[in-house]
Amino acid sequence: MNAQELIAGARAQQRAALDEPSGKSLLASYGIAVPASRVVKNASEVDAVFSGVKPPVVVKIMSPDILHKSDAGGVKVGLKSAAEVKDAINTMAAAPAIKGARIDGYLIEEMAPSGQEMVIGGVRDAQFGPLVMVGLGGIFVEVLADVSFRICPITRIDAQEMLADLKGAAILDGARGRTAVSREAIIDVLLKVGGEDGLLMRYANDIAEADINPLIVSATGAVAVDARFILSAEHE
Amino acid sequence: MNNILEEFTPLFEPKTVAVIGASAKGGALPNHFIRRIREFGYTGAIYPIHPSAPEIDGLTAYKTLADTPLPVDYAYIAVAGGQIPAMLEAVGHKKPGHVRFAQVISSGFGEVDEGKDLQAQLVTAARAGGMRLIGPNCLGIFTPRGGVTFAEVRPQQVGSVGIVSQSGGLGTDIIRRGLARGIQFSGLITVGNCADVAPTELIEYYFADPQTKVVGMYIESAKDGRRLFEMLRAAKAKKPVVILKGGRTKQGLAAAASHTGSLAGDDRVWVALSRQTGCVLVDTLDQFIDTLLIFQSLAPKAGAPTQHVTLFGNGGGTSVLATDCYARLGLDVTPFDAVTIEPLAALKLPPGTSITNPVDCPVGTLQQEEGRVAEKILDIIYSSGKLDALVMHLNLSAFVGRTKPEVLDNLMAATLRVQQKYPGRAHFLLVLRSDGEPVLEERKRAFREKAVALGVPVYDEMANAGYALAAMQWHERFVGSRANT
């Protein structure tokens, strides 16, 4: 499915948001790397697809009713075999916060290599239109709100300055003995999301809010490990 | 671009002004408006509009807007809001295009819920009649080139500072305080609810207007932020734009479903606008005026953004505090090299004088040669120092009782003379510090007038000058960084 169809599909089902695989397909269609994955309806389908992914994998619940998957017990990481995946799915299905929810299925996804967690997001401002945001992941965004916003479309200089504006920018260059990560890889994703031909400009009328959280950035590249796209109310 | 100049000329230079709402008995706000523009030099025709009075304030009155002998460039309308749409509709219907600009001073429109329909009717009537609408809910225009003023202030020479203000009251403050500081305006338009003419259009006018060097805007809500962003970005800060934004909340979207949404407050958007367009965002009226003043007085140097600042004046503690303040603002007060220090040392200034940077000269030093020593010091700094800006500060209070009055005069004269010798060498700002004592304030006012006339911006305190310099740096850096894009 192309991006247009993904959005139309979610609209047709009256969903307020794209599900995670659709969100990642949208990113992939813009050339943003996402982990290889398979979707199963339940544990019995795992054996048939498991050879298509490279362990270790993560399993995530897919449900329009669950906003915070981890909090609900809907994420299990580091699974090495089909048996472990099936166990994880059965445990999830029985979790109190999940039992009553509508379940679309389970996402089995390759684990991204470790790196610096970043957040890239989008939001539509009533006056200014789409905005794009970048921040360092984890406590930097959640506690310190160390993020930088720009009005779309951004240029390459804007993207560079967005990173430079972050108070924690030095972390990207390998502060405290860590390996430096690729600023270019982050800038590339920022432009694909918020640039002239980026997805926020293209779908300005459809996307109310977006989070790529985390985007895991290494010395050589960036992978979008989770993606959420909230759709705007139609005919807004 | 010239189209916009032509389109707005009737507003900035009206040949005919109609006034609606003046009372035959006098005393109403529109009567004051008539008196002000007559007293303050408006030379065009004034047409009071009144349903019955044959004459108002000695001027022939007309029954309706359509009855004026010549078309109306600018109509000042201050009557009860409810009757205005019908009034505009009538003249528009009878004589389309007869009124070019109608400014509705009255309130009770879109700024209150029950007035939203009335505002829509107002816009419809104006558009149908081929006129542009300013306001409603504003105070008027101040346009030196047109000789029109809504404030109790005589428009003087046509200056280079163009203003759009969403608030009328603040517009008055900007004019009065600005003039007192030596700002000369190319125009100031209060736009209120911006039902038709948007701030963006007036900024475009100022960009195209050869008189205007710097544009200032007070804005509370950008109804069409997108257009503002696109226009400012396309302009690439070809003229500096200073924005005082009211209501910059940090609050994110009330019902955000994402991290991004919860973090996206109005404040973030305006900071983004400033980063992407080079406009200078300020927080207070004082900063607004301080910043407009520096851009009025000094030409930005995009090729060499302001970084190194020299401080020279009397007051050791003041220098130390200023050095800290400037460092926080991203400006370096860097000590001089030997090439500057040696010739300064050769002047053999009295003990207590510091000749590194900051250059701290007590009154005892500054009164040498009846004050003319300043010229020698500045000469050395300019000819040998590494500096992008020089802030000279004089604490006038410290001279009281210690020197003859002419010492300060000589000091000022010497200081200003040096500037002519090194044109464009460094941004020169003067800080005249005082304590509110009337005699000193009066001298300060006189010094300020002289300095501003020579293109030297004058500030009350070191921090004010620092904020203005930081704004200059911001603008210069932006233009420099986008020079090749």
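Angles under 35 degrees count as roughly parallel, over 145 as roughly antiparallel, 65 to 115 as roughly perpendicular and the rest as oblique. The structure is a predicted model, in which local features need pLDDT of at least 70, side-chain atom pairs count only at pLDDT 80 or more, and totals for chains, interfaces and linings use all residues. Residues are numbered from 1 along each chain as its sequence is written, with chains lettered from A and ligands numbered from 1 in the order in which they are written.

In chain B, helix H3 (residues 84-94) packs with helix H4 (residues 116-128) at about 10°, the axes being 8 Å apart. Helices are DSSP runs of H or I, at least four residues, and strands are runs of E, at least two, numbered from the N terminus. Axes are lines fitted to C-alpha atoms, for helices over the stretch in contact, and angles run from 0 to 180 degrees between N-to-C directions. H3(B) and H4(B) are therefore roughly parallel.

In chain A, four strands form an open antiparallel sheet, ordered E2-E5-E3-E4. Strands pair if DSSP finds at least two bridges between them. Strands E2 (37-40) and E4 (75-79) of chain A stand at the edges with a single partner strand each, so one side of each has no neighbour in the sheet. Neighbouring strands of this sheet are turned by 20° against each other on average, direction ignored. Strand E3 (residues 57-62) and strand E5 (residues 105-110) of chain A run antiparallel and are joined by six bridges. Val59(A) has Ile108(A) as its bridge partner in E5(A).
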